[in-house]
Amino acid sequence: MMRPHARRAVSLLLLALALGVTCTFLGRWQWNRHVARDAQIRLIEDNYSAEPVPLSALVAMPAELLPADAAWRQVTVTGHYEANATVLLRNRPIGGMAGYHVLVPLVVAGGGEPGAVLVVDRGWVPTGENGIDVTGIPSPPTGTVAVTVRLRRDEAASPRSAPPGQVQAISVAQVLEAGAVVPAAGSPGAYRIYGEMAAEDPAPENTLGKLPAPSTDPGSHLSYAFQWWTFALGSLVGFTAMARRELQDGSAAGPAVRPARRRRSPSAEDEEDALVDFQLG
């Protein structure tokens, strides 16, 4: 049978193992997040200020998805805006100020698939005095315009409702529906991407607020990873030392000694039976 000190030592070792494994996996999880974030930052730094190329050089057809390594790349395209189909994107504050992004469909004429629709995020506008309404949104340039945008992947459709002419996400299908844009029969349809405004030629008379550059903050994933691994090592060292101390205390106490059984004094009946056995013998 295992002695109490040994049982406690085994329990401490099992606890150390469980904590060490758990903390090790949590550290690995944070490390993977750090690696993924580092790759995102490198992609932004490489693409954000890269020389613009025609849209067709990166996305040949409207039905194609944006390649992962093409995010934030600058592309050029010509066409005309459908100003009457302007849509506002809700709940995207900038610098702590509430406001809306202004989304306008652009019908492509050159640099991409002619006749296809590209949703352009032209910029940002603050909310009105009541914090809800927006008035006086600057109009886009009329006629043919040359646009330079940074490509982004289409966002997932939002299940939340929005007032007419507004959306909760830059989902191309929802943006076009909110703007009542119906592609003409036989047209290539709409690109499954959108572009964040970088430049327009000719420039509009009144400009929107500039969209902020993407964050390149690496976050705290790396430090969290080392913290978890430190906890793993600390738990193994600490609980192993406690288990060793338990075993040492058990050894110092010596082997367990069972108390001797007390002999029962013979009763009068026992003495009588012994006397009878002697006489008969």
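How many bridges join β5 to strand β8, and do the two run parallel or antiparallel? Four bridges join β5 to β8 (residues 190-201), and the two strands run parallel. The legends below describe close-up views of a predicted model.

**Figure 1. Overview of the predicted protein, with five helices and eight strands.** Read from the N terminus, the elements follow the order α-β-α-β-β-β-β-β-β-α-β-α-α. Of the 281 residues, 35% count as buried. The accessible surface comes to about 17300 Å², and carbon and sulfur atoms account for 57% of that surface. Among contacts between residues at least 6 apart in sequence, 73% join residues at least 24 apart.

**Figure 2. Strand β5 with its partners β4 and β8.** Strand β5 spans residues 117-126 and is mostly covered, with nine of its 10 residues buried. Strand β4 (residues 99-110) is antiparallel to β5 and is joined to β5 by nine bridges. These two strands form a hairpin with six residues between them. In the turn, Gly111 has a positive phi of about 85°. Asp121 of β5 stands opposite Leu103, and Asp121 also stands opposite Glu196 in β8.

Figure 3. Glu196 counts as buried because its relative accessibility, 11%, is under 20%. Beyond its neighbours within four places in sequence, Glu196 is in contact with Trp72, Asp121, Thr148, Val149, Arg150, Arg152 and Leu211. The side chains of Glu196 and Arg152 meet in a salt bridge, at 3.1 Å from N to O. Glu196 belongs to β8 and Arg152 to β6, so the pair ties together parts that are 44 residues apart in sequence. Arg152 has a relative accessibility of 23% and counts as partly exposed.

**Figure 4. The largest nonpolar core, with 30 residues.** The members that touch the most other members are Leu55, Tyr81, Leu118, Val147, Leu151, Tyr191 and Ile193. Two or more residues come from each of β2 (74-81), β4, β5, β6 (145-153) and β8. Strand β4 gives the most to this core, with five residues. A second, separate core holds 14 residues, including Ala85, Val107, Val172 and Leu176.

**Figure 5. Contacts of Tyr81.** Residues up to four places away in sequence are not counted here. The residues that Tyr81 touches include Val104, Pro105, Leu106, Val120 and Arg122. Pro140, Pro141, Val145, Val147, Met197 and Glu200 are also among them.

**Figure 6. The salt bridge between Asp38 and Arg42.** A search of the whole structure finds four salt bridges. In the one between Asp38 and Arg42, the closest N and O atoms are 2.4 Å apart. Both residues lie in helix α1 (residues 4-47), four residues apart, about one turn of the helix. Asp38 counts as partly exposed at 33% relative accessibility, and Arg42 counts as partly exposed at 44%.

**Figure 7. The salt bridge between Glu155 and Arg92.** The side chains meet at 3.0 Å, N to O. Glu155 lies in the loop between β6 and β7 (166-167), and Arg92 in the loop between β3 (87-89) and β4, so the pair ties together parts that are 63 residues apart in sequence. Glu155 is partly exposed, with a relative accessibility of 23%. Arg92 is also partly exposed, with a relative accessible area of 24%.

Definitions and conventions
Residues are numbered from 1 along each chain as its sequence is written. This is a predicted model: local features need pLDDT of at least 70, side-chain atom pairs count only at pLDDT 80 or more; totals for chains, interfaces and linings use all residues. Side-chain values use heavy atoms; hydrogens and water are left out. Buried means under 20% relative accessible area, exposed over 50%, partly exposed in between (1.4 Å probe, protein chains only). Two strands pair if DSSP finds at least two bridges between them. Contact means heavy atoms within 4.5 Å. Accessible areas come from the Shrake-Rupley method with a 1.4 Å probe; for residues, only the protein chains shown count as cover. A nonpolar core is a set of buried Ala, Val, Leu, Ile, Met, Phe, Trp, Tyr and Cys residues joined through side-chain atoms within 4.5 Å.
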